[in-house]
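Please walk me through this structure in plain paragraphs.

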Amino acid sequence: MKLKCLIVDDEVLAQDVIEKYISTIPTLKLAGKCDNAVEAISFLHNNYVDLLFLDLNMPELSGLEMLKTLTNPPKVILTTAYSEYALESYEYGVVDYLLKPIKLERFIKSVNKVVEQYNENTVIEDIPEKQHVQSIFIKEDQVTYQIDLNDILFVEAYGNYLKVHTLEKIYVARDTMHDMESKLSDEIFLRIHKSYIVSVLKIESVSGNRVFINNQEIPVGEMYKMALKQTINESRK
């Protein structure tokens, strides 16, 4: 099973580096990225993650201040350009402390520490039922909306944006398909095209290379046909 990871850092470049490293390690899966601690706290209230890559120096609320607010935090690897907080950080039970710029070999060493802890404690096998994701946050213009997963019909790529089609309206958010796919539960949602993610529960019919949801026709990409077929066959059992 892959460890779901959340990156919390106010620097886009730092987020990109960690995201790239995560993509090189088979045991890790990116669950989301947050630009600040407040956004991360909201994310953790609605999403289960196994590992948190947390920057210490952020505006409004620092990484350590954020940790103080969490009653049951995931495993934490701190990331920062300042070494003076290392000793204090271990008082919060963090697994490791990475100094920027972070090297891949040092990153892998930290991740291995987390994997070893999970293997020893078998935490991965015991994810509480209440941790299952029920909603996600979508930012449209300057407003952040909380959307129930059951209301989402499908997600459509739209240039540098995404269209999130729900029962009530269509939200246009500046996000990527990769990031959205990591936020959505793979038990409910399925990528069927490079430009479409659909709610399996909302599929009304399938005809050839097309899926129909709410009377809308959605194409099925060649490389995604097998996954769709397997999903349909499993639902029939």
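S62 is found in the loop that connects β3 and α3; helices (H or I, at least four residues) and strands (E, at least two) are DSSP runs, numbered from the N terminus. The model is predicted, so local features need pLDDT of at least 70 and side-chain atom pairs count only at pLDDT 80 or more, while totals for chains, interfaces and linings use all residues. Residues are numbered from 1 along each chain as its sequence is written, and side-chain values use heavy atoms, with hydrogens and water left out.

S62 counts as buried because its relative accessibility is 18%; buried means under 20% relative accessible area, exposed over 50%, and partly exposed in between (1.4 Å probe, protein chains only). Apart from neighbours within four places in sequence, S62 has contacts (heavy atoms within 4.5 Å) with A37 and L56.

At the start of α2, a side-chain oxygen of N36 comes within 3.2 Å of the backbone nitrogen of V38.

The largest nonpolar core has 22 residues, of which L6, V8, L54, M66, L67 and L78 touch the most other members. Such a core is a set of buried Ala, Val, Leu, Ile, Met, Phe, Trp, Tyr and Cys residues joined through side-chain atoms within 4.5 Å. At least two residues of this core come from each of β1 (3–8), β2 (28–34), α2 (37–46), β3 (51–55), α3 (63–69) and β4 (75–80). The largest share, 5 residues, is supplied by α2. A second, separate core of 20 residues has I18, Y48, L51 and V111 among its members.

C5 is buried at 0% relative accessibility, and C34 is buried with a relative accessible area of 1%. A search of the whole structure finds 0 disulfides, a disulfide being a pair of cysteine sulfur atoms within 2.5 Å.

Key
A polar contact is a pair of N or O atoms within 3.5 Å; within protein, one must be able to donate a hydrogen and the other to accept it, and residues adjacent in sequence count only if both atoms are side-chain atoms.
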